[in-house]
Amino acid sequence: MVSKVHKRTAMYRNLQLLRSITYSTSQRKTSVILEATQYIRDLKRKLEELNLLAVATAQKIVDYDPMPKLKVEAKDEGFVIKVLSERSCKGLLVFILESFEKLGLEVLQARVSCVDNFCLEAVGNKESNEDTRPLNAQLIEQVVSKAIRNWREVTQD
């Protein structure tokens, strides 16, 4: 007899606890239990959404590379050099132009944006002077990459 009273009291306490956790106003046990199951489903759904958001955010952080992307293409009129970054890169343009000068690359046309991000698209050709070094896309990419790395070292200090 005493154990039945303890069980009933424990059941009542657990039901009250469920009501308080789920903010239920129902008096019937089945209604409280149904509301609690719905509450648990909602919590699971929210948890899954947060996990997906956390994974997406972590993926974006992993994908986010602060180093500017460089692409050099050989064209009929010369070389097309593209440098892109997701953030503004103060002073990078100077380093890149100095690398063009070292290569003896004459910039025929260029578009640059440094407001919210950094975007450079330049068309260049070998200057006609006594320097007989052959100029190719790979060499340009190496020298400009070195300029970007130098810029990075200077700005990180």
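Me: Before anything else, what counts as a salt bridge here?
Reply: A salt bridge is a side-chain nitrogen of Lys or Arg lying within 4 Å of a carboxyl oxygen of Asp or Glu. Keep in mind that this is a predicted model.

Me: OK. How many salt bridges are there by this rule?
Reply: The count is four.

Me: Which residue does Arg111 form a salt bridge with?
Reply: Its partner is Glu121, and the closest N and O atoms are 3.2 Å apart.

Me: And where do Arg111 and Glu121 lie?
Reply: Arg111 is in strand β3, residues 105-113, while Glu121 is in strand β4, residues 118-126. The pair therefore ties together parts that are 10 residues apart in sequence.

Me: Is Arg111 buried or exposed?
Reply: Arg111 counts as exposed, at 54% relative accessibility. Glu121 counts as partly exposed, at 28%.

Me: Which residues do salt bridges with shared partners join into one network?
Reply: Lys71, Glu73 and Lys75. Glu73 pairs with Lys71, with the closest N and O atoms 3.2 Å apart. The side chain of Glu73 also meets that of Lys75 in a salt bridge, at 3.6 Å from N to O.

Me: How accessible is Glu73?
Reply: Glu73 has a relative accessible area of 22%, so it is partly exposed. Lys71 counts as partly exposed at 45%, and Lys75 does too, at 42%.

Me: Changing topic. Which residues gather in the patch of negative charge on the surface?
Reply: That patch consists of Glu98, Glu101, Glu106 and Glu127.

Me: Where does Glu98 lie?
Reply: Glu98 is in helix α3, which covers residues 92-103. At 44% relative accessibility, Glu98 counts as partly exposed.

Me: Now the inside. How many residues are in the largest nonpolar core?
Reply: There are 20. Those that touch the most other members are Ile81, Val83, Leu92, Ile96, Leu105 and Ile140.

Me: Which elements each supply at least two residues of this core?
Reply: Strands β1 (69-75), β2 (78-85) and β4 do, along with helices α3 and α4 (137-156).

Me: Which one gives the most?
Reply: α4, with five residues.

Me: Why would nonpolar side chains be found together like that?
Reply: In soluble globular proteins, nonpolar side chains tend to be buried together.

Key. Residues are numbered from 1 along each chain as its sequence is written. This is a predicted model: local features need pLDDT of at least 70, side-chain atom pairs count only at pLDDT 80 or more; totals for chains, interfaces and linings use all residues. Side-chain values use heavy atoms; hydrogens and water are left out. Buried means under 20% relative accessible area, exposed over 50%, partly exposed in between (1.4 Å probe, protein chains only). Helices (H or I, at least four residues) and strands (E, at least two) are DSSP runs, numbered from the N terminus. Patches are made of residues with over 30% relative accessible area and no salt bridge: like charges are joined within 9 Å, nonpolar side chains (Val, Leu, Ile, Met, Phe, Trp, Tyr) within 5 Å. Accessible areas come from the Shrake-Rupley method with a 1.4 Å probe; for residues, only the protein chains shown count as cover. Lys and Arg count as positive and Asp and Glu as negative; His and the chain ends are not counted. The place of a charge is taken as NZ of Lys, CZ of Arg, CG of Asp or CD of Glu. A nonpolar core is a set of buried Ala, Val, Leu, Ile, Met, Phe, Trp, Tyr and Cys residues joined through side-chain atoms within 4.5 Å.
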